[in-house]
Amino acid sequence: MFYCAILLILLDIVFDAVGGVSQSEVDKHSDLGKEFLAQGKLQEALTYYHAAVDSDPNNYLTYFKRGTVHLALGKAKFALLDFEILLELKPDFIVARLQHGNILLKQALFDKAELDFANVINMEPNNKEALDGISKVKELKEHLERIEFLVDKQEYSSAVEHITSIIEDCPWSPYLRQLRSECNVALGEHIKAIADIRSTTKLISDNTRGFYNLSLLLYQVGEVDESLTEIRECLKLDHEHKDCFPFYKKIKKISTLLNKAKNAQEVNDNEDCINLANRVLKEESKVLDVRFLAVNLLCICYTADNKVNKAISSCDEAYKIRKEAEILCNRAEAYLAGEMYDDAIRDYKEALEIDSNLQRARDGLQRAQQRQKLSETRDYYKILNVPRTASKREIIKAYRKAAQKWHPDNFQDGDEKKQAEKRFIDIAAAKEVLTDDEKREKFDRGEDPLDPESGKHQGFNPYREFHQFHGSPFQFKFHFN
């Protein structure tokens, strides 16, 4: 509201100096625009100033009003157009000439800005704002020369510092933001470069080159979907753009494959996830951050599919590209799937060194340590010779086969029978744990639900479990304490 009040005062001063406009239609629109301006409703005010300009396109005052509101809305390029038309209609309008010069200065168009300030001084030799403007232009020109020297010498860090400083005075300069973007790319600061390129797409109309560069940078950092969005903006301006169109076709294909692979991973369709991710790697052989997206999916899906060696290899490649705690956790899961407990524990600990608050790493470390301890006793999956990903049906099938083979009634008395008795108990215990969701979950966390120390094994009868599935005719009675 304060800024709007200043605008109103400025407009009133101008109109007191030059007099009113005769056309009633222009007056009506102008008055309504002024009312909305007084209420702080700049966009509504602008609508009526548009109408005022349309009512009389040769009335320089309406261009001044609209240009001033454009400036208040941060639409410098539209304000500049209004002031340029105004100055063609009335070249000696000093207030507009100063506004025009200030906009050019903020765009780093120093020669043009200097010309505006010089024109004002020719009309008013002691105009302080114009004299200050001439002085500022000289200072900023010298600053820009220093920046271009540093860029030429490839002293990019220093150049970025100087560009950041001059942008405080020239925030609407696409040239300076493009230059800083190029320096940041050379320094490997792609995210900072992206921010500057994005600004140039707003500062310059129909900036197809800007949208192409923005899309390219986003793709380089692995933001494939965002890259696709920006390249589409380029094609909206020129649907046959020589760079944007072929790049669009490439990104569209990669984006489709990646999104399908992610969806497959989310629904545990490991085979589809693996196939799609490998297709991404075939399509993109150079851009590491895009390859990362594919190999990280392979790391996860190979692990879920119990293809341990391929999972670890993919996890290794992902970690070489991005040394992140989450990637270490993914690799630790692959190690766990391969029962490489020391390696899993090492990765979880390293992940916690990167991010001490990562709960996934904390939980994983505890689980790996418990599983390592458990591996020193009995492993129910190994007893039934099934993978950790086995379904309940697969577990029951494996149990039946093993129980038939190792039932003690199949053996004569002696050491062979005693060995069978022990093996049969382990087989039945494995079946009980792995077919009970709650017990299996505990075992997967590293706890043995039938650990004698827990007291939870009471009532467990290996022969009852076997007869339940087979209706066995065996009458063998086995007593254990």
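Which hand does the crossing of helix 15 and helix 16 have? The crossing is left-handed; in such a crossing the near helix is turned anticlockwise from the far one by less than a right angle, and in a right-handed one clockwise. The model examined here is predicted, with local features requiring pLDDT of at least 70, side-chain atom pairs counted only at pLDDT 80 or more, and totals for chains, interfaces and linings using all residues. Residues are numbered from 1 along each chain as its sequence is written, and side-chain values use heavy atoms, without hydrogens and water.

The protein chain holds 25 helices and 0 strands. Both are DSSP runs numbered from the N terminus: helices are H or I with at least four residues, strands E with at least two. Of the 481 residues, 45% count as buried. Buried stands for under 20% relative accessible area, exposed for over 50%, and partly exposed for values in between, with a 1.4 Å probe and protein chains only.

Two packed helices are described by the angle between their axes and the distance between the axes. Axes are lines fitted to C-alpha atoms, for helices over the stretch in contact, and angles run from 0 to 180 degrees between N-to-C directions. From helix 15, the contact residues include Asn270, Cys273, Ile274 and Leu281. Helix 16 contributes, among them, Arg291, Leu298, Cys301 and Ala304. By class, this contact has 12 nonpolar, 2 polar and 1 charged residues. Nonpolar covers Ala, Val, Leu, Ile, Met, Phe, Trp, Tyr, Cys and Pro; charged covers Asp, Glu, Lys and Arg; the others, Gly among them, are polar.

Asn270 lies in helix 15. Its relative accessible area is 12%, so Asn270 is buried. Leaving aside neighbours within four places in sequence, Asn270 is in contact with Cys301, Ala304 and Asp305. Asn268 sits in the loop between helix 14 (244-266) and helix 15. Asn268 counts as exposed because its relative accessibility is 61%. Its phi is positive, about 65°, although Asn268 is not a glycine.

Ala108 also has a positive phi, near 65°, in a residue other than glycine. Ala108 is found in the loop between helix 6 (94-106) and helix 7 (110-123). At 13% relative accessible area, Ala108 is buried.

Helix 7 packs on helix 8 (residues 128-152) at an angle of about 160°, with the axes 9 Å apart. This makes helix 7 roughly antiparallel to helix 8. The crossing is left-handed. The contact divides into 12 nonpolar, 1 polar and 3 charged residues.

The largest nonpolar core has 57 residues. Such a core is a set of buried Ala, Val, Leu, Ile, Met, Phe, Trp, Tyr and Cys residues joined through side-chain atoms within 4.5 Å. Tyr219, Val224 and Tyr348 have the most contacts inside the core. Helix 16 supplies its largest share, 10 residues. A second, separate core of 40 residues includes Phe64, Ala96, Ile147 and Leu150.

Notes. Contact means heavy atoms within 4.5 Å. Angles under 35 degrees count as roughly parallel, over 145 as roughly antiparallel, 65 to 115 as roughly perpendicular and the rest as oblique.
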